[in-house]
Number of protein chains: 2
Amino acid sequence: MPRSKSLTLSTVPNLPEIQPGDDLPALIMNALAQDEISVEDGDIFVIAQKIVSKSEGRLVNLSTVIPSPKALELAERIEKRPELVELILQESNEVLRTRPGTIIVEHKSGFVCANAGIDHSNVRGPWGEPEDWVLLLPEDADYSARVLRSGLERLSGKRIGVLIIDSHGRAWRNGIVGTSIGLAGIPALVDMRGKPDRFNYSLRVTLIAAADELAAGASLMMGQAAEGTPVILARGFPYELAEDRAFRLVREKQLDLFR
Amino acid sequence: MPRSKSLTLSTVPNLPEIQPGDDLPALIMNALAQDEISVEDGDIFVIAQKIVSKSEGRLVNLSTVIPSPKALELAERIEKRPELVELILQESNEVLRTRPGTIIVEHKSGFVCANAGIDHSNVRGPWGEPEDWVLLLPEDADYSARVLRSGLERLSGKRIGVLIIDSHGRAWRNGIVGTSIGLAGIPALVDMRGKPDRFNYSLRVTLIAAADELAAGASLMMGQAAEGTPVILARGFPYELAEDRAFRLVREKQLDLFR
């Protein structure tokens, strides 16, 4: 008789406020130890983009940004601060849509998201200054994930995966969901194509966005409020750990019916 | 010191193949008992659309469908069987995009999905016939969820939630993810708007699609292969159970930049 299998998504409380230059793997391992949580082979650390960007010092003070004519024009049209619009354009390959307050872009990484993932809430400057600072996405979130994984593997002595997530809006549906932007050691996509179905008479055409499913589930436990916890330990991921890149989740522009 | 909190997503194995007219709550409770899993207040049953539709007898034999001229024209253009195209059109409010083999529609429920959610794999007729049967989405998946919840609450004596999910493709990203189509007793959206951020200087603008985050996480544990398990027991959902409707997840057409 088959037994129940579980995926457990656990918050990692007691992380300090992250500062530029902080050693995230050491802080995470320390927080786990405070909660007497041990790491096991196959565990996946799901980490909010925000603390990765903060530790990498991806802070920009808007007063240092000089808007281009294009940014000034767009800023006026959508009623957004020109310096922020300039940063969004610098961080993007292409503008897909605009509406008051929001610019939907293809970020330099290839992902489609609002405002190039630039974040204003819960952001302070490198010395704690409250005003005018924003946070950019990591330069290369797959690279960030690989660095974090090697640090966490070294400190834990276990084979683990790392998934960096952000919260994205979606076409057609209200609300944001946790979404993968970088990963190391876990599959972005799991390919069921060509496997027979239950009755062996048709072949599946299914490509599962496993990393995005994990991102969404973990995001649920991170919360978005002041008491949010930016690291989730996932145990029981049902697929083999594997080398992959989050970029594989980007649909090729020519194959996308909604661009 | 805050303690770690966990969301646990557990498969419910040992469910039989579901047939039209089956009493899903009874079969689920029986399968749980076989695995010695008890139900607790606040648990959420995440249930694959496929077994809900099967139990509701939403099977159609394609040989009984007569394609309209419009379906014949579209079927030829996208190389899809005319009877199936006819059913897709009947189940939809509007066709958004087409490409060979796929029609992206607004389903009658308001959700945007491929092929009106009509499923061909792992489907047999009411008497086990292997050929020509397809499965439609439930007529009203929120209603289905409410009926399932009352059955499961009666049998378990606990206050629980029900979430019916399907696997949807997405704009901009490869792969499918578990997505909410009906729910009872759990919030579709959780509104953080107006709550202060960590530094109390800006107000959040965040609306979290909590049901879709749970749908995706649970879908990860369902799997899509022959050995898939169509029911997941979720314990530790971080928000209050509440009355809501999946329809709230549908973005209003006029507010959607990608239609």
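A residue is buried if 20 or more other C-beta atoms lie within 10 Å of its own, exposed if 12 or fewer, and partly exposed in between, with C-beta atoms placed from the backbone. Keep that in mind for the tour.

**Before you start**

This is a predicted model, in which local features need pLDDT of at least 70 and side-chain atom pairs count only at pLDDT 80 or more, while totals for chains, interfaces and linings use all residues. Residues are numbered from 1 along each chain as its sequence is written, and chains are lettered from A and ligands numbered from 1 in the order in which they are written. The term pLDDT is the predictor's confidence in each residue, from 0 to 100. Chain A averages 91, and 93% of its residues score at least 70. The model has an ipTM of 0.94 and a pTM of 0.95.

**Stop 1: both chains**

**Stop 2: where they meet**

Select the contacts between the chains. Two residues are in contact if their C-beta atoms, placed from the backbone, lie within 7 Å. In chain B, 70 residues are in contact with 70 residues of chain A. Helix 6 of chain B gives the largest share of this side, 9 residues. By class, the side of chain B has 34 nonpolar, 19 polar and 17 charged residues. Here Ala, Val, Leu, Ile, Met, Phe, Trp, Tyr, Cys and Pro count as nonpolar, Asp, Glu, Lys and Arg as charged, and the others, Gly among them, as polar. Of the interface residues of chain B, 100% are also interface residues in chain A, so the copies meet through the same surface.

**Stop 3: strand 1 in both chains**

Helices (H or I, at least four residues) and strands (E, at least two) are DSSP runs, numbered from the N terminus. Two strands pair if DSSP finds at least two bridges between them. Click A:S10; its bridge partner is B:S6. Strand 1 of chain A also has 4 bridges to strand 12 (residues 231-235) of chain A, again antiparallel. There, A:L9 stands opposite A:A234. In chain B, 4 bridges join strand 1 to strand 12, and B:T11 has B:I232 as its partner.

**Stop 4**

An open sheet of 10 strands runs 9(A)-8(A)-2(A)-12(A)-1(A)-1(B)-12(B)-2(B)-8(B)-9(B), with mixed pairing. Strand 9 (177-184) of chain A and strand 9 of chain B stand at the edges, each with a single partner strand, so one side of each has no neighbour in the sheet.

**Stop 4: strand 9 of chain B**

Is strand 9 of chain B enclosed or open? In this strand, 8 of the 8 residues are buried, so it is largely enclosed by the rest of the structure. Strand 8 and strand 9 of chain B pair in the antiparallel sense over 7 bridges. Find B:I164, opposite B:G182.

**Stop 5: helix 4 of chain B**

Finish at residues 82-90 of chain B, helix 4, where the buried residues are B:E83, B:L84, B:V85, B:E86, B:L87 and B:I88. Those residues pack against several elements of chain B, including helix 3 (69-78) and strand 4 (92-99).
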